[in-house]
Amino acid sequence: MKSKIGVDRRTRITNKNNRWQQEYQTLFDRVPCYVTVIDKNFRIVRANDAFRESFGDAVDRNCYDIYKRRHAKCPNCPAEKTFKDGKTHRSNQQGIGKCDQKIHYVVSTSALIKGAKNINYVVEISSDITPIKRLEEKVIEAKRLGAVGQTVAGLAHSIKNILMGLEGGKYIVSLGLKKNNQQMINQGWEMLERNFDKTTSLVKDFLSFSKGRVPELEMVNPADLVLEIVDLYKNVAAQSGIELKYEIDNRIKQAPFDKAGIHTCLTNLVSNAIDACLMSEQKGTMVIIRVSEKRNKLIFEVHDNGGGIDYEIKKKIFTTFFTTKGGGGTGLGLLTTRKIVQEHGGKISVDSQKGKGANFKMEFLRKRLMDLYKESKKQKIS
Amino acid sequence: MSLGKKILIVDDEPDVIAYLTVVLESNGYRPYSANDIKTALRLVKKVHPDLICLDIVMPNETGISFYIKLQQEKTLKNIPVIIISGIIESGKFNFRSYVKNSSIPPPECYIEKPIKIENFIQNIEKLIH
């Protein structure tokens, strides 16, 4: 009797265990994310249905092979970190599905047995974020198209103004000829010349703005970049009665920059600052160019004590084809500057109030510059 | 009829001012000009022109903001205004997308840059009797 009871109990326990096992298996397979268990050799020992559906049969293959079709483990592998420290690690990754489709996922790795001394297995749980990435890409594309639309509208506006100047020049010259008025002929001719020059500037600026080039980074001394600009503008500033000063932190070491690109940025900012001083009614105007490094951030600043910029204009200057210089500007200088700064992984900002001058700041993280530099060197070699 | 009438040109572009000045003078008008809104406001009160040619995109303050200010002044709001701008397309301009306040009437006429002189003068004739 005793043994029969024991057998019944064992059977009940076995049945219960089987049921739990089935339930866990169902949960493991149906959970809406990819779950794999990998051993110390990064070999997959278990994978759930969701994973198999997207990546194909996985058991006994290496995770880097099936996730990314690599022949060796991935750099900064979160699973490797978990094997080392037993902690949970997360990272964003991009893999290739079984139908060659791109899959973006967030992977979280943790030890299969919590608190174990030796970690032999790691669980990788990944959430497919491809739809979110696609949405992000669509938003970026929509913004890009919006910016293109704005740029084209701005370009059309600039061209119409130039056409108006050319029409005007033509009209005044022909009226001068009709009236035999030399002064009028000269006035009209000057207008024609000016507007032809504007066309050249506009085309040049627009081409430089539209170039989608990768910056050509080389190790340069940021102080030298500033000194070059001071040299270039000292006469123009002096002739206009503007004091041009510079402040250089001599402790700054070399950093990778696209020399021509930063030269263009500083040229745009300094010429804008000089124009702001010229337009201002204030006496004792000055422009200061600064370069410094704070917390591994390289900072170029162009400061002026001219007329300053009001809030409405400040909102537009980096985003639209915008000029406050009447016939003197194409409205592309700051757009081009922002583009070059962004190509360096940096950011540009302005601090200004109407009537109180302006301070334009370009900031670059040294680490980001170095990463870009290493990447560009690798690309050159390959 | 309209000879000698005063016309104020408001535009930040010196060449546009020079061009319109010559066109208006050679058609018998007396042009005045301002290259920013501050000067335009001062001049409009001083000269009290018979018509205003107004650009939209200008530094610091736009032509629209000047137009709204005109409409808020009893003595100035009846001066006819021709908007002359590069942002006008085929004589069309969505004034209400800039000015939501329906109590401010739209300007009398829109002309796209570059202007056609005949059309420009005809519109002025129509507005100044």
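This is a predicted model: local features need pLDDT of at least 70, side-chain atom pairs count only at pLDDT 80 or more; totals for chains, interfaces and linings use all residues.
**Entry 1**

I then looked up the partner: Arg290(A) and Glu301(A) meet through their side chains in a salt bridge, 4.0 Å from N to O. Arg290(A) sits in strand 9 (residues 286-294) of chain A and Glu301(A) in strand 10 (residues 297-304), eleven residues apart. Glu301(A) counts as buried, with 12% relative accessibility.

**Entry 2: a pair across the chains**

A friendly reminder to myself: side chains of opposite charge can pair when their charged atoms come close. Which residue of chain B does Lys198(A) meet in a salt bridge? I found Glu13(B), at 2.4 Å from N to O. This pair crosses between chains, from helix 6 (residues 182-210) of chain A to the loop between strand 1 (6-10) and helix 1 (14-26) of chain B.

**Entry 3: one more salt bridge**

Over all chains, I have 22 salt bridges on record from the search of the whole structure. One of them joins Arg52(A) and Asp29(A), with the closest N and O atoms 3.7 Å apart. Arg52(A) lies in helix 2 (residues 49-55) of chain A and Asp29(A) in helix 1 (residues 2-30), so the pair ties together parts that are 23 residues apart in sequence. Arg52(A) is partly exposed at 26%, while Asp29(A) is buried at 14%.

**Entry 4: patches on the surface**

I looked next at the surface. Lys354(A), Lys38(B), Arg42(B) and Lys46(B) gather there in a patch of positive charge. Lys46(B) belongs to helix 2 (residues 37-47) of chain B, and its relative accessibility of 69% makes it exposed. A nonpolar patch of about 350 Å² is made by Val45(A), Leu112(A), Ile113(A) and Tyr121(A). I placed Leu112(A) in the loop between strand 4 (102-111) and strand 5 (121-128) of chain A, where it is partly exposed at 42%.

**Entry 5: helix 10 and chain A overall**

After the helix comes Gly345(A), with a positive phi near 75 degrees. Chain A has eleven helices and twelve strands, and 42% of its 382 residues are buried.

Definitions and conventions
Residues are numbered from 1 along each chain as its sequence is written. Chains are lettered from A and ligands numbered from 1 in the order in which they are written. Side-chain values use heavy atoms; hydrogens and water are left out. Patches are made of residues with over 30% relative accessible area and no salt bridge: like charges are joined within 9 Å, nonpolar side chains (Val, Leu, Ile, Met, Phe, Trp, Tyr) within 5 Å. Accessible areas come from the Shrake-Rupley method with a 1.4 Å probe; for residues, only the protein chains shown count as cover. Lys and Arg count as positive and Asp and Glu as negative; His and the chain ends are not counted. The place of a charge is taken as NZ of Lys, CZ of Arg, CG of Asp or CD of Glu. Helices (H or I, at least four residues) and strands (E, at least two) are DSSP runs, numbered from the N terminus. Buried means under 20% relative accessible area, exposed over 50%, partly exposed in between (1.4 Å probe, protein chains only).
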